[in-house]
Amino acid sequence: MGVFTYEGEHVSSIAPARLYKAIVLDSSNVFPKVLPDFIKSVEIIEGDGGPGSIKKLTLGEGKLIGYVKQKVDAVDAENYVYHYSVIEGSALPHPLEKISYEHKMVESPDGGCIFKSITKYYTKGEAQLPEEFLKANKESSARFTEAFEDYLLANPDYN
């Protein structure tokens, strides 16, 4: 199995507690509002949302239609840490076995946060991933975070 890793950071004007709540704790409600053309629904199909739980995201229009299953690996609301793995579905193309995400939101002095992420792609066998694939996924992650920021800025009453 091959493992391809990239790290990223995104500076946000949103406080870490608020961003963490929207992305992690309230994902079932917020994801379809933030990304309505991409994610139709999020449901916990096994567990209580904590480590070991399985979430199913039903995807909508665009390039990806179908579903994605995510396994929750770690939830640490006190330190704004969230780890999960994509283990099945249409967002897991051949030759990937799984994709693991590690997110941490660190408070910044201006009241916002630094969204730090580590993404690990696990391939079947010795398969290689094209640089274009990794670049496209990194850009997609940045757009994802920006979409949540835009939603939270447009909805100041969301807590």
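In the predicted model, Ser 53 lies in the loop that connects strand S2 (39-46) with strand S3 (54-59). Its relative accessibility is 1%, so Ser 53 counts as buried. The side chain of Ser 53 makes a polar contact with the backbone nitrogen of Asp 48, at a distance of 3.1 Å. When neighbours within four places in sequence are set aside, the contacts of Ser 53 are Glu 46, Gly 47, Asp 48, Gln 70, Lys 71 and Val 72.

Two further loops contain backbone features of note. Tyr 80, in the loop between strand S4 (66-76) and S5, has a positive phi of about 55° although it is not a glycine. Most residues other than glycine have a negative phi, and most peptide bonds are trans. The peptide bond that joins His 94 to Pro 95 is cis, its omega being near 15°.

Helix H1 (residues 16-25) is largely enclosed by the rest of the structure, because 7 of its 10 residues are buried. These buried positions are Pro 16, Arg 18, Leu 19, Tyr 20, Ala 22, Ile 23 and Val 24. One of them, Leu 19, also belongs to the largest nonpolar core, which comprises 36 residues. Within this core, Leu 19, Tyr 121 and Phe 148 touch the most other members. Not counting residues up to four places away in sequence, Leu 19 touches Ser 12, Ile 14, Met 105, Cys 113, Phe 115, Phe 148 and Leu 152.

The largest pocket has a volume of about 1,200 Å³. It is lined by 45 residues, of which Phe 38, Tyr 101, Asn 137, Ser 140 and Ser 141 are the closest to its centre. By class, the lining consists of 25 nonpolar, 13 polar and 7 charged residues. An α-helix has 3.6 residues a turn, so residues three or four places apart point the same way.

Key
Residues are numbered from 1 along each chain as its sequence is written. This is a predicted model: local features need pLDDT of at least 70, side-chain atom pairs count only at pLDDT 80 or more; totals for chains, interfaces and linings use all residues. Side-chain values use heavy atoms; hydrogens and water are left out. On a 1 Å grid over the protein atoms alone, a cavity is a set of points where a 1.4 Å probe fits but cannot get out, and a pocket is an open set with protein on both sides within 12 Å along at least five of seven lines; lining residues have an atom within 4 Å of a point. Grid points are joined across faces, edges and corners, and a volume is the space filled by probe spheres set on the points. Ala, Val, Leu, Ile, Met, Phe, Trp, Tyr, Cys and Pro count as nonpolar, Asp, Glu, Lys and Arg as charged, and the others, Gly among them, as polar. Helices (H or I, at least four residues) and strands (E, at least two) are DSSP runs, numbered from the N terminus. A nonpolar core is a set of buried Ala, Val, Leu, Ile, Met, Phe, Trp, Tyr and Cys residues joined through side-chain atoms within 4.5 Å. Buried means under 20% relative accessible area, exposed over 50%, partly exposed in between (1.4 Å probe, protein chains only). Contact means heavy atoms within 4.5 Å. A polar contact is a pair of N or O atoms within 3.5 Å; within protein, one must be able to donate a hydrogen and the other to accept it, and residues adjacent in sequence count only if both atoms are side-chain atoms.
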